[in-house]
Amino acid sequence: MAEGVPEEARVDPVTTLASVEGSPPDGLLAAFDAYERALAADDQAALAAAFEPTATVLRADAGGLLVGHEAITAFRGRRGSGPVRRVVEVHARVLDDDTALIVSVNAPAGGGRGVVTQLWRRDADGGAGADAEAPAGGTWRVASAQVQAPAPAVDRRVWRVVGEPLVPGRRGDGATGTAPPADQGGGEPDRSLVGETVAVKDLFAVAGHAIGAGVPAFLDEAAPETEHASAVRLLLEAGASVTGIAQTDEFAYSIAGRNSAYGTPPNPAVPGAISGGSTSGPAAAVALGQASIGLGTDTGGSLRVPASYQGLWGLRTTHGAVDRAGLLPLAPTFDTVGWLARDADTLLRAAAVTLPAVDRPGVDQRGVDPSYVVDPSLLAAVTPEVRTAFTRSIDEAVSAGSIARPEPVALGDVAELFELFRVLQAYEAWQSNGAWITAHPGCLAPDVAARFAFGSTVSPQRAEEARVALADERRRLESLLADRVLLLPSASSAAPSLSASAAEVDAVRSATLGLTCVAGVLGAPAVSAPRLEVPVAGPIEVTQRGQSGPSRAPFEASRRLAPVGLCFVGPRGSDLALLGLAAAWPG
């Protein structure tokens, strides 16, 4: 057996090969056995050592592709103990003396079958570097791994309940699954959403199901709803079917997408990163292709942030434009209904069947002046990568003749604006949910609990002062913008890593809310369009294998990119026209 095999691999291999091409080199099967033992024991150090310590080592599963030893090690640390499983088949294909492909079939304790495909390589220096003493024979390590686990019936990080469908949309006879159709005035019913599927955020009433608000204890005590929320019913009447009720951050009081009870929904656009919230479940369902429309809410960015993080289209509607009947409130002054989709056309059709054309003073749908403004001071809080991508997108649109150069404006002290927003939102959040929270201590994650605790300290007088000040700010901002469209990034950064600390996530949250609160204060519509991309890492090293052994050289630039939304904030009532402008943006 090769002396370079790690200590835990220096045992006789127990693996029996079901099939093999070539003669397995010394140490290969022992290294594979050692890896499986480390997985069963959740030996993080041994698992980290089993993968090549390079920036190009790969690991893929249903959640996406992780690139680099650091990303893979962080994933294992977040996941905790690995799955309990038994290897039932192993197939080896020897490529050369130092390279082999191993495909193994495993039987998880929970049932089903999984498949793991690994490219193993023997590194002469053991990954220790040129200056270190290399063990004789070299060390076998995983260079690439593809993990296929048994598919769960329901991913509880994304869905609370699903059906086939849960509620069918309007059928040919005009009926919906649980409620009669609305009076259409004798005209032809709108069937523009036939064939579309909806993931409903767990704040909206779906007849026959309780509202859970992302909190298991709240769900346990909630009674089933007797009728659909207005926003749900309108989608059903246009022909869309409800696939299921999707997860949300606890009481929707976050924009991270983390939930202490159900977990963090996956972000397929940036594996290993948070999904964004609080419309986290619907966003992930749409990004994963499990629904075509996500029905959600946006109070402080809860639609725009997950849209930005996952490369989706998202629309926060004019405040009051969509009937909120059947919606569990967070902060009614700012709560709005909206949607997510993978393309602008689907988003436009969902909005068109729900938004009013007439009969709501101040929010009737109207056109918008396609002239743009930018506040340079808003870019101070975003990452350099986002600032560069945002500026480049505008420059390219101007160069292409698509828009005139946006006029610079000064919105004023946005930090003060955000503080007024934060105070009133917290006060109203406590009024909405404080009694239940008081009666159920310890049921919320620490960060969400801290926000509610702050809300409990805001006096009615302080809240009213903030309300009056915000009304003044709204009038000032409306006069300054003069019906023009404000451009800004949808979030201050690309999606943070799942391994980011609570302090790091909170810092990103504060910076992002400084951007998103502007539309909230205005009560204005905002579209997040997936028009920006930023690098997720800097230059990486690649291994070049030759006759003289492996050497490493850097790429000129990384090509791993993460999405960021380009946000369009328009005048009140311009929702549909604003979405049209965003859809026409080049790129």
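The following legends describe close-up views of a predicted model.

In this predicted model, local features need pLDDT of at least 70 and side-chain atom pairs count only at pLDDT 80 or more, while totals for chains, interfaces and linings use all residues. Residues are numbered from 1 along each chain as its sequence is written, and side-chain values use heavy atoms, with hydrogens and water left out.

**View 1. A salt bridge links arginine 85 and glutamate 36.**
Side chains of opposite charge can pair when their charged atoms come close. A salt bridge is defined here as a side-chain nitrogen of Lys or Arg within 4 Å of a carboxyl oxygen of Asp or Glu; by this rule the model holds 21 salt bridges. In the pair shown, N and O are 2.8 Å apart. Helices (H or I, at least four residues) and strands (E, at least two) are DSSP runs, numbered from the N terminus. Arginine 85 is partly exposed, at 21% relative accessible area, whereas glutamate 36 is buried, at 13%. Here buried means under 20% relative accessible area, exposed means over 50%, and partly exposed lies in between (1.4 Å probe, protein chains only).

**View 2. Glutamate 52 and arginine 121 form a salt bridge.**
The closest N and O atoms of this pair are 2.9 Å apart. Glutamate 52 sits in the loop between helix H2 (44-50) and strand E2 (58-61), and arginine 121 in strand E6 (residues 114-123), so the pair ties together parts that are 69 residues apart in sequence. Glutamate 52 is buried, with 6% relative accessibility, and arginine 121 is buried as well, with 17%.

Aspartate 345 is partly exposed, at 46% relative accessible area. Through shared partners, salt bridges connect Glu196, Asp345 and Arg349 into one network.

**View 3. Glycine 63 lies in the loop between E2 and strand E3 (64-67).**
Glycine 63 is partly exposed, with 26% relative accessibility. Although glycine 63 and proline 266 are 203 residues apart in sequence, their C-alpha atoms are 6.2 Å apart in space. Leaving aside residues up to four places away in sequence, glycine 63 is in contact (heavy atoms within 4.5 Å) with Asn267, Pro268 and Pro271.

**View 4. Strand E16 (residues 485-489) is mostly covered.**
Five of its five residues are buried. In a regular strand the side chains alternate between the two faces of the sheet. Val485, Leu487 and Pro489 point one way from E16, and Leu486 and Leu488 point the other way. Strands are said to pair if DSSP finds at least two bridges between them. E16 runs parallel to strand E14 (residues 372-374), to which two bridges join it, and valine 373 stands opposite leucine 486. With strand E20 (residues 561-569), E16 pairs in the antiparallel sense over four bridges, and there the bridge partner of leucine 486 is valine 569.
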